[in-house]
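Here are my notes on this model, written as numbered points. Keep the sequence and the 3D view open as you read.

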Amino acid sequence: MTDLLTGPDTLPQERRLVTEVPGPRSRELGARRAATVSSAVGSTLPVYVERAGGGVLVDVDGNSFIDLGSGIAVTGVGNAAPAVVAAVQEQVAAFTHTCFMVAPYEGYVAVCEELARLTPGDHEKRSALFNSGAEAVENAVKVARHATGRQAVVVFDHAYHGRTNLTMALTAKNMPYKHGFGPFAGEVYRVPMSYPFRDPEGMTGEQAAARALALVETQVGAGNVAAVLIEPIQGEGGFVVPAPGFLPALADWCRRSGAVFIADEIQTGFCRTGDWFACEHEQVVPDLVTTAKGIAGGLPLAGLTGRADLMDACHTGGLGGTYGGNPVACAAALATIRTMRERELAGAARALEAAMLPRLRGLQERSGAVGDVRGRGAMLAVELVRPGTTEPDAELTARISKACHAQGVVTLTAGTFGNVLRFLPPLVIGQELLGEALDVLDAAFDEHAPAR
Ligand code: PLZ
């Protein structure tokens, strides 16, 4: 299956280290970068990529890394997926840009048709397209405020929604996202998330929702709430999976209160969690859904999809932007969605979960540093703590992640406390390659983490 997906002339799907990491050419590029790229922009890996395909990244020194990050949950269909490459090449040769607001084209409409079909709920829907996740979230808030005539937006502890001014306000974590970048947008209210590993033992999703909503009712007032915005599984915040019942209770409350329930599916969407969207797991139907990342196989595209009455509430011309729904990005999205459907990549995500979870639980049995193993589909994580406590161990997390990089495996960290190792493999990764990456992870734990 991987061969078909990555094409005949693709890169060998293997881990291969031919120099130290970073190698000499990457070090050279690192020096050029230091002299010209703002040091405010960071990179996880010390190597520079020359090619990528399927589940590997190949650097300028010829080292081949197994990718367990997918460029932060983007290349679900694999890097440089053949169908995406072909669709992009065809579109880029036909026309690159007209601006949908000036001279529209079919690709944009076709992506919105797919979004209407694929997002939860069979109600009448409309969509608008943008360039980045943050932009989609900003527009969700614009629509919710305009449609309700209310201002307050409720968000959660550990939330991540972007780096623009409004989305910084919506994002929970100060460092590195917000520190020194204020003042932030107003009318944003943060309430506790359902975080089973850190909540009082036995707290149900309904109880966690009641805890959050009591604060909303007393401190904000139900009638002032334009929207409740939540990631159905939190991404940057540490792959926090709320207790069952939490999301449905929030959605019910919104329905009763006339607030808009917005699901930020930017990281969880497009088969990542084993369904097209994570909300489907509990049959939650959001009023608005934001999408990006996995939607277009690596090209920048984002969507806002939702109830037609909300999406059509603003005046014509109220939403837009120069590049939103760029034709090349739309062509990539259509090829991505087709590939996901044809290759049943939601099922592939579930198979990855089945393969990975026992391995991660094995780590937990061997090391007291693994406090929690969680996630869904191909969005899994381990939370590292000081053995016997819930005290976060960010230092160990960084050490293990770096050890994996040095051995040719791309791992990412996450979490408010920086103590979560997260895994987001491309959904097309071969089982053997995945197994090898997990062997490297095992070895990193054996070397660095305290045994039980
Ligand atoms: N909402 C749920 O995960 C992006 C951010 C990486 P943009 N997550 C990766 C970083 O450090 O900048 C994200 C997300 C959720 C919104 C966004 C924002 O999407 O495309 O990065 O703007």
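1. **What you are looking at.** This is a predicted model, where local features need pLDDT of at least 70, side-chain atom pairs count only at pLDDT 80 or more, and totals for chains, interfaces and linings use all residues. Residues are numbered from 1 along each chain as its sequence is written, and side-chain values use heavy atoms, with hydrogens and water left out.

2. E236 has a polar side-chain atom 3.4 Å from a ligand nitrogen atom. Taken alone, the ligand exposes 520 Å², and the protein buries 82% of that. These areas come from the Shrake-Rupley method with a 1.4 Å probe; for residues, only the protein chains shown count as cover.

3. **The shell.** The ligand is surrounded by 15 residues, and the closest are G133, A134, R163, D264 and Q267. Five of the shell residues are nonpolar, five polar and five charged. Here Ala, Val, Leu, Ile, Met, Phe, Trp, Tyr, Cys and Pro count as nonpolar, Asp, Glu, Lys and Arg as charged, and the others, Gly among them, as polar.

4. **E236 again.** The whole structure holds 23 salt bridges. A salt bridge is a side-chain nitrogen of Lys or Arg within 4 Å of a carboxyl oxygen of Asp or Glu. E236 makes one with R422, with the closest N and O atoms 2.9 Å apart. The pair links distant parts of the chain, 186 residues apart: E236 sits in the loop between strand 7 (225–230) and helix 9 (246–257), and R422 in strand 15 (residues 420–423). Helices (H or I, at least four residues) and strands (E, at least two) are DSSP runs, numbered from the N terminus. E236 is buried at 12% relative accessible area, and R422 is buried at 3%. Buried means under 20% relative accessible area, exposed over 50%, and partly exposed in between (1.4 Å probe, protein chains only).

5. **Two helices tied together.** R359 and D442 meet in a salt bridge, 2.8 Å from N to O. R359 lies in helix 12 (residues 345–366) and D442 in helix 14 (residues 431–448), so the pair ties together parts 83 residues apart in sequence. R359 is partly exposed at 26%, while D442 is buried at 16%. Shared partners join R359, R366, D439, D442 and D446 into one salt-bridge network.

6. **Strand 12.** Is strand 12 (residues 379–384) enclosed or open? Six of its six residues are buried, so strand 12 is largely enclosed by the rest of the structure. In a regular strand the side chains alternate between the two faces of the sheet. M379, A381 and E383 point one way, and L380, V382 and L384 the other.

7. **Its neighbours.** Strand 11 (residues 370–376) runs antiparallel to strand 12, joined by six bridges. Two strands pair if DSSP finds at least two bridges between them. G375 has L380 as its bridge partner. This hairpin has two residues between the strands, and G377 there takes a positive phi near 60°. Strand 15 also pairs with strand 12, antiparallel over four bridges. L380 stands opposite F423 in strand 15.

8. **Backbone points to check.** Most residues other than glycine have a negative phi, and most peptide bonds are trans. Look at the loop between helix 7 (165–170) and strand 6 (188–191), where P176 is placed. The bond from M175 to P176 is cis, with omega near 5°. The bond from G182 to P183 is cis too, with omega near 5°. E187 has a positive phi near 60° and is partly exposed at 33%. E344 has a positive phi near 50° and is exposed at 59%.

Terms used
A residue is near a molecule or strand if one of its heavy atoms lies within 4 Å of it. A polar contact is a pair of N or O atoms within 3.5 Å; within protein, one must be able to donate a hydrogen and the other to accept it, and residues adjacent in sequence count only if both atoms are side-chain atoms.
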